[in-house]
There are 2 protein chains.
Amino acid sequence: MSEPRLNNHQPRQADYPKAAVDVLIFSIRDLGLKIVLIKMKKPPFAGVWTLPGGLVRLNESIDQAAVRELEEKTGLKNVYLEQLYTFGDVKRDPLSRVISVAYFALINSEGISLQTTPKYSAIDWFNVKELPTLVYDHSEMLKVALQRLRAKLQYTNVVYNLLPPTFTLGELRRIYEIMLDCQLDKRNFCKKFLSLGLLKSTDLRREGPHRPAQLWSFKQRTPTIVEIL
Amino acid sequence: MSEPRLNNHQPRQADYPKAAVDVLIFSIRDLGLKIVLIKMKKPPFAGVWTLPGGLVRLNESIDQAAVRELEEKTGLKNVYLEQLYTFGDVKRDPLSRVISVAYFALINSEGISLQTTPKYSAIDWFNVKELPTLVYDHSEMLKVALQRLRAKLQYTNVVYNLLPPTFTLGELRRIYEIMLDCQLDKRNFCKKFLSLGLLKSTDLRREGPHRPAQLWSFKQRTPTIVEIL
DNA sequence: TCAAAAGTGTTCGGCGTACACCCATGC
DNA sequence: GCATGGGTGTACGCCGAACACTTTTGA
């Protein structure tokens with residue numbers, strides 16, 4: 001596995017690319033699909049928004065690095081991350097040679113607050129349709145993530161990650177409509193989703209000037225492959 | 001992006017993990033699904049089989065690294081590689097900390113010969129059902145690749161990579177049967193595949209003691225998403 | 001009584017699946 | 001003439017798609 005050396009004209013640790021992780025956290029908020037970004041403080045990228053992420057260390061797996069970076073830079077814990085894709089163009093980071101493994105997750109962000117480190121000047125949710133300019137190839141990462149997300153919604157039960165413990169079929173359908181950016185027929189959606197047998201009914205919710213809604217919860221909150229739509 | 005330093009107890013270039021690529025080349029040969037492996041020469045892995053691969057260099061993208069490593073270690077050129085998954089457990093390589101981006105491709109290997117470098121003692125095709133012991137986490141990579149391959153056969157036209165320019169519907173079906181490890185109904189398969197409109201008929205092939213077969217070719221040999229089975 | 005969201009059934013067409021026999025050829 | 005793979009059509013059932021009205025409540 002020893003490789004031909006390049007000329008030693010680079011500083012320490014620069015003879016090979018470094019590895020990093022970047023994390024895309026999605027959630028449904030205010031009837032839109034949002035993502036967590038943090039704002040950089042140091043030149044040359046001061047004021048620019050970026051995905052939370054950082055270099056992989058020697059003593060941690062890349063999965064662990066993603067979890068650690070997510071917690072350090074956003075405060076989010078216990079999030080189930082899934083590997084998305086690895087980005088390795090030579091110039092993706094103009095300042096140094098970094099290969100980045102992107103991870104993503106869906107979360108329910110009700111009552112959750114974000115907190116970044118002093119190294120960044122802000123952290124916030126952004127609607128994926130109205131994003132600021134992002135550093136590096138982070139827009140590309142988002143594009144890939146959205147594709148994958150939409151695909152996974154249709155053949156897995158990942159949607160449970162976005163939902164609170166109980167919810168109405170209307171809320172469930174609204175999530176699909178937001179994520180897939182389309183309208184879904186109410187009757188067909190309910191019929192199909194209930195026929196999958198993933199849900200169990202719980203209470204009734206009476207609120208607002210309309211008929212009370214049946215509340216449902218997922219029988220199992222574990223990743224499963226199912227043909228949903 | 002500067003990171004806390006670990007203790008400087010490691011040699012040069014070991015303060016961060018290195019990045020590598022590994023390549024899984026699949027082909028149908030002798031009615032079986034085969035993969036290219038090379039045999040290691042140097043201790044401590046002398047005599048053990050491995051996937052072709054190696055470290056990513058500073059001045060190349062990871063995609064380019066995969067292409068370069070594939071050519072260097074197998075002689076294969078002009079292969080369309082697709083990124084599979086990135087493997088980054090701390091102990092996946094017991095000797096050094098390496099994160100590996102796996103790539104895969106399907107090729108038609110008729111009339112193609114393999115040739116590795118003097119650093120390896122052999123190169124050969126192996127049936128994926130009768131593999132020797134592999135180094136590192138290469139068996140895991142194969143497992144992931146097979147899953148992905150089977151999935152992609154069903155919703156894309158990737159199969160064209162396995163086929164010669166012209167082929168019979170029987171040959172096409174046989175490939176699906178081998179890859180999916182199941183029997184497919186001849187009439188339904190033909191009906192479905194032809195209805196996709198991906199093929200155009202060319203000549204007749206008369207050979208062997210049976211009715212001549214219609215030969216087909218793909219109208220386009222470019223990646224396309226289609227619901228096939 | 002009005003506005004708002006919840007809940008519910010039927011019809012139709014298309015597609016996947018199961019299934020069996022004749023065809024053209026080389027030997 | 002026989003063995004070998006090539007080629008073809010129909011019937012049925014299920015599922016996805018389209019589509020509208022009634023229910024319950026709060027204000």
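**Domains of chain A**

I started with the domain assignment of chain A, which gives domain 1 (14–154) and domain 2 (157–218); such bounds come from an automatic or database domain assignment. Before going on I noted that this is a predicted model, where local features need pLDDT of at least 70, side-chain atom pairs count only at pLDDT 80 or more, and totals for chains, interfaces and linings use all residues. Residues are numbered from 1 along each chain as its sequence is written, chains are lettered from A and ligands numbered from 1 in the order in which they are written, and side-chain values use heavy atoms, with hydrogens and water left out.

I then looked up the C-alpha centres of domain 1 and domain 2 of chain A, and they lie 29 Å apart. For contacts (heavy atoms within 4.5 Å), I found 16 residues of domain 1 of chain A against 13 residues of domain 2 of chain A.

Next I took the buried area, that is, the accessible area (1.4 Å probe) that two parts lose on being put together, summed over both. Domain 1 and domain 2 of chain A bury about 1400 Å² between them, with 72% of it on carbon and sulfur atoms.

**Polar links and elements at the domain boundary**

I searched for salt bridges (a side-chain nitrogen of Lys or Arg within 4 Å of a carboxyl oxygen of Asp or Glu) and counted 1 between domain 1 and domain 2 of chain A. I also checked A:Lys129, which forms a salt bridge with A:Asp181, the closest N and O atoms being 3.4 Å apart.

Polar contacts are pairs of N or O atoms within 3.5 Å; within protein, one must be able to donate a hydrogen and the other to accept it, and residues adjacent in sequence count only if both atoms are side-chain atoms. Between domain 1 and domain 2 of chain A I have 5 residue pairs in polar contact (both at pLDDT 80 or more).

As for elements, helices (H or I, at least four residues) and strands (E, at least two) are DSSP runs, numbered from the N terminus. Strand S1 (18–29), strand S2 (32–40) and helix H2 (138–155) of chain A each supply at least two residues of the side of domain 1 that touches domain 2 of chain A. H2(A) gives the most to that side, with 5 residues.

**Chain A as a whole**

I went through the secondary structure of chain A and got 4 helices and 9 strands. From the N terminus on, the elements of chain A run β-β-β-β-α-β-β-β-α-α-α-β-β. The C-alpha trace of chain A spans about 70 × 40 × 30 Å along its principal axes.

For burial I used under 20% relative accessible area as buried, over 50% as exposed and partly exposed in between (1.4 Å probe, protein chains only). Of the 229 residues of chain A, 52% count as buried.

**Aromatic pairs**

Here rings of Phe, Tyr and Trp (its six-membered ring) pair if their centres lie within 6.5 Å; planes under 30 degrees apart count as stacked, over 60 as edge-to-face and the rest as tilted. I found 18 aromatic pairs over all chains. B:Trp49 and B:Phe126 are edge-to-face, because their ring centres are 4.6 Å apart and their planes at 70°. B:Trp49 sits in strand S3 (residues 49–50) of chain B and B:Phe126 in strand S7 (residues 120–127) of chain B, so the pair ties together parts 77 residues apart in sequence. B:Trp49 is buried at 13% relative accessible area, and B:Phe126 is buried at 16%.

**Salt bridges elsewhere**

I get 26 salt bridges over all chains. What is the N to O distance between B:Glu60 and B:Arg68? The closest N and O atoms of that salt bridge are 2.6 Å apart. B:Glu60 is buried at 7% relative accessible area, and B:Arg68 counts as buried at 15%. In chain A, salt bridges that share partners join A:Arg57, A:Glu60, A:Arg68, A:Glu69, A:Glu72 and A:Lys73 into one network.
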